[in-house]
Amino acid sequence: MAGISIEEVRHVADLARLELSDEELSVLQGELSSLLDHVERIRRLDTEGVAPTAHPLPLHNVLRPDERRPGLSQEEALAAAPAVESGRFLVPSILGEAP
Amino acid sequence: MSLLDEGVVAIAEAVRNRRARAAEVVEESLSRIAAGDDELHCFHTVMADEARRRAAEVDAAVAAGRDPGPLAGVPVALKDNLCTKGTVTTCSSKILEHWVPPYDATVVERLSAAGAVAVGKTNLDEFAMGSSTENSAFGPTRNPWDTTRVSGGSSGGSAAAVAAGFVPLALGSDTGGSIRQPASLCGVVGVKPTYGLVSRYGLIAFASSLDQIGTFAVTVRDAAAALEVIAGHDERDSTSLDEAAPELVPSLSGGVEGLRIGVIEDFVADVSASTQAATAAAADALASAGAKVEATSVPEVLHGLPAYYVIAPAEASSNLARYDGVRYGLRVEGPDVATMNARTRCAGFGPEVRRRIMIGTYALSAGYYDAYYGQAQRVRTLVVRAFERAYRDFDVLIAPVTPSEAFRLGEKTANPLEMYLSDVCAVPSNLAGHPAVSVPFALGEAGLPVGVQVLAPALGEPLMLRVAAALEAAAPAGVRGPVRPGGRKEAGGA
């Protein structure tokens with residue numbers, strides 16, 4: 001049985017940048033555990049020597065010529081931003097700097 | 001019968017030959033939406049003004065002696081995870097509730113260049129994660145055959161809009177059945193093409209190695225005609241196949257004489273008796289039409305669902321990392337960037353999206369990566385090999401689409417895993433990157449539509465759709481839309 005502890009759930013929420021309440025974490029603990037139980041059936045399959053499939057197509061390194069083309073203007077790129085200052089995306093302070 | 005009910009090919013022909021005006025066809029579509037969509041909620045946004053302007057352009061082109069294209073004047077509904085320049089694109093999520101994309105998806109451009117007229121953006125499960133549209137942040141879409149039931153999902157709004165006769169054509173996306181399952185539940189045709197055949201540029205990413213855009217229509221011919229328009233190489237999608245759009249419509253009437261068709265028998269335990277009966281009846285119909293039909297076992301397809309529910313959330317957790325409250329979408333302020341990110345994501349994502357992000361993050365996290373994600377990718381290889389084996393013996397395969405007819409709203413929301421089981425027959429094709437189509441074939445319990453799935457190897461669309469057309473021709477009357485909401489009487493398109 002693939003159990004998952006509440007500490008693990010909290011850790012994963014932290015990695016995923018989700019601020020969840022204790023109650024939400026506990027509901028997710030149950031739901032994740034039952035999904036992991038379902039997944040157990042493929043964890044037991046013998047896949048020794050089987051190469052993984054990351055992608056259905058045998059395409060590799062698809063590149064276009066390195067030529068300048070028109071893209072979004074700065075104005076268009078910033079148009080949907082929640083906060084903008086001096087033509088840049090504005091975010092709260094990082095590393096404890098004063099804003 | 002109104003021209004709108006005669007479908008994609010008939011409308012375009014009439015508009016191109018000046019027997020009808022795009023403006024009239026579009027106006028009728030808009031007025032049906034206005035009259036009926038309060039009850040069904042297929043649409044998040046109706047693009048009435050833009051649609052009228054666009055229809056007038058199509059008519060002006062015809063009047064000036066220019067050909068507006070193979071979809072001239074055809075009203076089309078777009079799933080709201082397809083970017084439309086200048087029109088809000090929500091993905092049914094609070095995190096994108098007010099987002100206006102600065103560009104059109106390639107498929108939107110191609111439809112427009114072919115003369116089609118976008119009339120609105122349709123409801124879906126948030127970020128296309130779900131099988132009922134009940135995960136939409138803005139309320140579910142109801143099934144036009146019975147408004148107490150779900151439309152299926154995630155492309156439920158698109159399927160129901162076609163089933164209700166609001167539009168003759170709609171686009172959806174299919175990551176693990178999200179076109180085929182709602183098509184089956186709504187009694188319309190839904191095509192999931194070969195991975196890479198249709199550009200994903202401008203499709204908001206869910207699981208990038210699985211996502212594929214496809215078409216909904218009442219008939220196979222109409223769905224195929226629209227697929228011809230949106231398919232073909234696009235340099236803006238690095239996973240786009242270097243293939244021209246295939247010719248599909250001319251070969252649809254070729255019949256199934258002599259084709260080798262396998263009936264996948266491994267889903268029997270997972271589907272309802274009426275669903276199983278529909279698949280068996282389809283097999284009989286194809287045999288009567290001259291195909292060599294045989295039951296076959298492809299047991300690895302049953303590994304598809306657990307592999308999918310590791311791979312798809314893993315890719316989703318990575319794709320959805322971009323919603324961080326910085327460049328677009330919702331922001332909930334916090335004292336520092338990390339807190340702002342976490343508060344934004346929690347306020348913006350609904351329960352199912354959070355659940356998938358959590359599953360995916362766990363499956364990709366240190367210590368579990370190989371046990372879950374690595375193993376799921378190796379199992380994906382087993383599924384691909386199993387199909388390769390099956391296609392040595394058969395030209396196409398048939399199977400159920402989904403375990404049952406449309407279920408009641410709320411019936412499966414309490415147990416996420418039970419909802420996930422809706423995808424069991426659909427996900428193997430996504431894992432393999434193969435095409436598959438749902439064709440309305442029977443009426444099951446409570447007179448609700450049941451589809452049958454035709455599966456083919458990569459780029460097998462011409463043959464797959466030929467078989468689908470043969471099934472359509474053999475299907476009993478009354479198994480498909482359009483239906484008027486609340487009533488089950490066929491309104492046209494028999």
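In the predicted model examined here, E235(B) forms a salt bridge with R69(A), the closest N and O atoms being 2.6 Å apart, where a salt bridge denotes a side-chain nitrogen of Lys or Arg within 4 Å of a carboxyl oxygen of Asp or Glu. Across the interface of chain A and chain B, 4 salt bridges are found under this rule. The count of residue pairs in polar contact between chain A and chain B, both residues being at pLDDT 80 or more, is 20; a polar contact is a pair of N or O atoms within 3.5 Å, of which, within protein, one must be able to donate a hydrogen and the other to accept it, with residues adjacent in sequence counted only if both atoms are side-chain atoms.

On the side of chain A that touches chain B, the elements that give two or more residues are α1 (6-15) and α2 (22-43) of chain A, and α2(A) supplies the largest share, 13 residues; helices (H or I, at least four residues) and strands (E, at least two) are DSSP runs numbered from the N terminus. The contact, defined by heavy atoms within 4.5 Å, takes 49 residues from chain A and 65 residues from chain B.

Over all chains, the structure holds 13 aromatic pairs, that is, rings of Phe, Tyr and Trp (its six-membered ring) with centres within 6.5 Å, counted as stacked if the planes are under 30 degrees apart, as edge-to-face if over 60 and as tilted otherwise. Y308(B) and Y309(B) form an edge-to-face pair, at 4.9 Å centre to centre and 80 degrees between the planes. The rings of Y309(B) and Y420(B), by contrast, have centres 4.0 Å apart and planes at 10 degrees, so this pair is stacked. Because Y309(B) lies in helix α9 (residues 304-319) of chain B and Y420(B) in helix α13 (residues 416-420) of chain B, the pair ties together parts that are 111 residues apart in sequence. Both Y309(B) and Y420(B) are buried, a term for under 20% relative accessible area (1.4 Å probe, protein chains only).

T90(B), in the loop between β2 (75-79) and α4 (106-113) of chain B, counts as buried at 5% relative accessibility. Its side chain is joined to that of D80(B) by a polar contact of 2.6 Å, and a polar atom of the T90(B) side chain lies 2.9 Å from the backbone nitrogen of S92(B).

Residues are numbered from 1 along each chain as its sequence is written, and chains are lettered from A in the order in which they are written. Local features need pLDDT of at least 70, and side-chain atom pairs count only at pLDDT 80 or more, whereas totals for chains, interfaces and linings use all residues, and side-chain values use heavy atoms, with hydrogens and water left out.

Note on methods:
Buried < 20%, exposed > 50% of the residue type's maximum accessible area, 1.4 Å probe, protein only.
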